[in-house]
Amino acid sequence: MRKIFYIFFLLFFTSCNNEENEIIAVDVNFQESNLPIVMIDTYGEDIVDEPRIDAYMGVINNANGINNIGDNFNDYDGKITIEKRGNSSQDQEKPPYRFETVDNNAENNNVQLLGFPEENDWILYAPWSDKSLLRNVLIYSLSNEMGRYAPRSKFVELYLNDEYRGVYVLMEKIKRDKNRVAI
């Protein structure tokens with residue numbers, strides 16, 4: 001966790017440390033990351049609020065912690081259905097998404113993603129208004145460490161239709177389930 005805070009401090013300091021104190025936009029083109037890489041292909045379709053559209057998702061999460069764009073999908077490699085999530089957040093430059101992992105018959109397919117317990121309902125949260133990217137993830141982590149339920153979450157790099165979309169948070173969708181809210 002200390003490494004994440006350091007990285008975000010450096011990003012914030014270097015992007016805000018100019019004469020006008022304005023945020024500098026940077027075109028990102030990387031080949032590797034120490035975050036898992038999620039790649040989604042919507043077959044050219046736009047992601048809308050409803051209904052969910054068919055898509056294909058691959059996740060690169062190497063055991064050594066270094067993930068390269070050209071690596072094989074080793075955490076998930078299969079079909080999903082995806083839609084935009086939220087109300088006002090859908091119109092942000094970086095919208096959040098809700099997706100379900102599905103099998104070849106478009107039926108729910110419970111899978112483990114990034115070490116989380118098997119399920120088929122997932123969220124790609126976009127902390128657009130939180131420039132530190134940390135608030136929700138930190139509170140969820142603290143809640144879990146205190147023995148209270150909060151969605152498990154992990155930072156990921158998202159590529160959507162071969163376009164880099166930035167750092168997102170893969171998290172569990174809150175729902176009644178033995179591995180989520182066990183009531």
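Predicted model: local features only at pLDDT ≥ 70, side-chain atom pairs only at ≥ 80, totals over all residues.

A: Start here: a polar atom in the side chain of glutamate 119 lies 3.4 Å from the backbone nitrogen of aspartate 121.

Q: Where is glutamate 119 found?
A: Glutamate 119 sits in the loop between β6 and β7.

Q: Is glutamate 119 buried or exposed?
A: Buried means under 20% relative accessible area. Glutamate 119 has 4% relative accessibility, so it counts as buried.

Q: Which residues does glutamate 119 touch, leaving out those up to four places away in sequence?
A: Glutamate 119 touches Thr101, Asn109, Asn110, Val111, Lys175, Asp177 and Arg180.

Q: How do I read a salt bridge, and how many are there in the whole structure?
A: Look for a side-chain nitrogen of Lys or Arg within 4 Å of a carboxyl oxygen of Asp or Glu. A search of the whole structure finds five salt bridges.

Q: Which residues form a salt bridge with arginine 98?
A: Glutamate 100 is one partner, with the closest N and O atoms 2.9 Å apart. Aspartate 121 is another, at 3.7 Å from N to O. Arginine 98 lies in strand β6 and aspartate 121 in strand β7, so this pair ties together parts 23 residues apart in sequence.

Q: What about arginine 152 and glutamate 172?
A: They form a salt bridge, and their closest N and O atoms are 2.5 Å apart. Arginine 152 lies in the loop between α2 and β8, and glutamate 172 in strand β9. Arginine 152 is partly exposed, with a relative accessible area of 31%. Glutamate 172 is buried, at 1%.

Q: How do I read a nonpolar core?
A: Look for buried nonpolar residues joined through side-chain atoms within 4.5 Å. Here the largest such core has 24 residues. Those with the most contacts inside it include Ile40, Phe99 and Leu170.

Q: Which strand gives the most to this core?
A: Strand β3 does, with four residues.

Q: What is the overall pattern along the chain?
A: Read it as α-β-β-β-β-β-β-β-α-β-β. That is two helices and nine strands. Of the 183 residues, 42% count as buried.

Technical notes. Residues numbered from 1 in each chain as written. Heavy atoms only, no water. Buried < 20%, exposed > 50% of the residue type's maximum accessible area, 1.4 Å probe, protein only. Polar contact = N/O pair within 3.5 Å; in protein donor to acceptor, adjacent residues only side chain to side chain. Contact = heavy atoms within 4.5 Å.
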